[in-house]
Amino acid sequence: MEENIQQEGLAEEVMPIQEETSGGMSDEELANKKYLKPRDYVFFSLAQFASSAVTGLVQGYLLFFYTVCVGIPATQVGVMFLVSKVFDGLDDPTMGVIVDKTRSKWGKMRPFLFFGAIPWGVLTIIMFMPGIYSAMGSTTAKVAFMWITYLLYSILGSVVGIPLQGLPAVASPNTDERAKIISISRILGSIGEQSALVLITLFLLITNNDYPNSYMLMALVIGVLGPIFMLLGAKFIKERLEPTDRTPSTLEGFKYLFKNKQFLLLICSNLLTFFRNFVSAMIIYVVSYIYNNGSLQIIFALPGAIASMIGMMIAPKLRKMMDSKKLFVFATIWHSVALAVIFFIYLIGGTWWWLIAIMMFAAMIPVGILNVIPHLMATDTLDYWEDKTGDRCEGITFSLMSLRSKVSSGFKDYVMSYLLVYFGFSQALPFLSDHTPVQSDFTKFGLFAIYTIIPAVLNLVSIVPILFYKLSGKKMAEIQGRLAVKRLEDAKKLEGMAVEAETDIYSVVAEQAVVEDIEKEVETAKNMAEATVTEVSEVEAKPKRTSKSKKAADEKEDK
Amino acid sequence: MKKKLILIVSLVLMVCILATAFVGCKSAEEKENDYYAENTAAVKENTQKLTSLMDKVFATNWKSSFVYAYTYYSKEIVRGSTQSAGWPEDNEERTKFMAFDVDYTDAENYTIKTIVFKEVSREDYVKNIDSKKYREKFEQEKTLEYAVSQGVASGELYEGFNPIAYILANINAEYITANGLTASDNFRLYLNDSFKLSNHFMRIETRAVYDGEGNTVTRDDNVASGKKYWSGYGEDISYNWNNVYSMDNNRLTVLYTKGSQKVDSVEIYNENILAYYTENNKVDKSLVLKADVVAFEEMVVEFDYE
């Protein structure tokens, strides 16, 4: 029943394209066909904005809220964050497999957004309610509540996040459109991530630095608007690519990474891009310990964020000039060269913070490009897999992409802490409220190296797996051409079946009508024959007739 | 059948992991003892190495320009009590700053030619300490020709400060061994503006903790008195601040070229930390003890050999 509904939905979307293509469109024209409408861009970006706003709120402010506003020991919070990361390693791929096994009248992604958005928003608000914690009294109860709500939040984050990431892959088969929607939504996402910063500044101003209530108000605004935007996104964006008839088994879902070699190469390359994250993570160290001015953080972070957005904006345009693989390599080299130049300028004495901040702008543009391109490449690997096997696994693909991002973040933290130790970084004493120990010259040098030259050099490693990645421009064009033809043929088959079925019905109806007509004629003829026979018998039964009646009888007989 | 096999294998694996973990587990006390034993050995080894290096430094002619800074709050920071918060509203930070030229002309004799002292804001200080040519940046307020012999100061410096004596005091092996908490000596790749490679980085950190009467609290004292000053060990040693009044953290970092056994630079940082009463958190307004840095010193000496 569900499949029928889905086929109807597909026919609705595919049939108009079919009519146009029958008007003589080539495969290339077919591949370039536009599917997305402005509402798709607007509402998907809103959903992405909501998702990033909640993520930005939780990642940026929850630790401070737990430790400072609620008074939970930092070590307890740290342990919980660590466990939740391990937990994500399980729940993300599981969610991916669930998405891939889902078939519904709304598609395979959207149902999770419809049903997950509101609980996700409610939980976000609950986590930031100081009243709940103060009512609990004991630290044990607070810690227990923190564990339960945060792990639930992690699960719901996967329930909503994985399908949301997968939506562009099924919204349109057109690569340029996918690039555009990923690019626009990521820009909105970057802005969304900062919405908590804007709100907390505003609420602290209004409440005269009342932190607990400011956090609660911030969570209320984001926790209410987030699900609304998410639901709007789920309602208005369409899943235009038909899910494959066969649903992959759970084991197949987990094996997918190793079967789809192109996807495996992409994941490996992306895992190695975590060095890039040193740049933003090191800003706080650079401003606090090299420039001794923590308030410079915004001066360093803002140009980088704007540059990154510009990068995301120009990514689709650059994508038209070169294929994803070339663009990935180009952007990585650009980023590395820019960071190396900053490092050498610093070495020869260009240590002014404003100079470094300005130069970072140029270095962060390619980061925006690199935020978009891997997602686009992931959709390419989906097309490649569909072309090769007939299966599409958006759920598992984007869950692994999400997991990759979390694992990368873990690697980043680990390698960064190792490098900090290596350069003799003096850790702030955990029992001091605001401890910024002075660092040695050697350590300052090391901090700047982790900020610039080390990611510049190590980033280049991420290019190596991509060199074996085969889905370049020509190959992808061929795959997409074949898929377009396949989808057209599928649609034609669907139409053909419908026409055939209609023809069959007409012929049956016509046959029935003929039979009925014949039967009617036969009946009429039979009746007439019976009537004639009756009359003839009556005439034979009346031998003496008047001349008048005889004449009438003769006339009837002639007739 | 397969499911049963997987279940059995999983259970066996789990038992193996648990058994390994159990065997690998040491009691907290054992771990603490191991930590201090290893650390003491490392401190002894490094202080020996450091002393021999410094002996070589003072046996060679060298020149150096360096700075010393002492940062503190303009008003005295007080501990407070459970009824009144300790940290004052007006806690403006100030820095006293000194720059030195040292011309060490002969073994066992050194001459300090110039002394410049000026109080500057932290911002100016930061600007200056980031520059390698410290001396050119300062206005000279007071200049003294100064000479000492045999390592003993013959004139009066600001607040009795003698930088060379200070360095020597901070590399005293006994002092470090007695107070030493951590020590490291790792091979480093150090690129600086002259692109030197293969320098060595050595660091010794010491920590001194004082009780309410100003007596030094040592680990042995703590064990003997049965007071619970230490609730942890390792890098994140935490204290019961009800029993601890203040703490000093000292750090000595040495960069040296491995082949030539020459010290390239010595950096010394000392922090004075005080415990004071403040709000527990934003929800619970009760006053609790926390600690913060109330003063710190830093000094960077770079050696230029003839």
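## A nonpolar patch

Helix α13 of chain A contributes the most to the nonpolar patch, with four residues. Both α13 and α15 (353-389) of chain A supply at least two residues each. Helices here are DSSP runs of H or I with at least four residues, numbered from the N terminus. Among the patch members are A:Ile298, A:Leu302 and A:Trp353, and the patch has about 880 Å² of accessible area together. A nonpolar patch joins side chains of Val, Leu, Ile, Met, Phe, Trp or Tyr within 5 Å, using residues with over 30% relative accessible area and no salt bridge.

A:Trp353 sits in helix α15 of chain A. A:Trp353 is partly exposed, at 34% relative accessible area (buried is under 20%, exposed over 50%, partly exposed in between, with a 1.4 Å probe and protein chains only).

## The whole chain

Chain A has 21 helices and zero strands. Of its 559 residues, 50% are buried. Residues 24 or more positions apart make up 82% of the chain A contacts with a separation of 6 or more, a contact being heavy atoms within 4.5 Å.

## About the model

This is a predicted model, where local features need pLDDT of at least 70 and side-chain atom pairs pLDDT 80 or more, while totals for chains, interfaces and linings use all residues. Residues are numbered from 1 along each chain as written, chains are lettered from A and ligands numbered from 1 in written order, and side-chain values use heavy atoms, without hydrogens and water.

Definitions and conventions: Patches are made of residues with over 30% relative accessible area and no salt bridge: like charges are joined within 9 Å, nonpolar side chains (Val, Leu, Ile, Met, Phe, Trp, Tyr) within 5 Å. Accessible areas come from the Shrake-Rupley method with a 1.4 Å probe; for residues, only the protein chains shown count as cover. A salt bridge is a side-chain nitrogen of Lys or Arg within 4 Å of a carboxyl oxygen of Asp or Glu.
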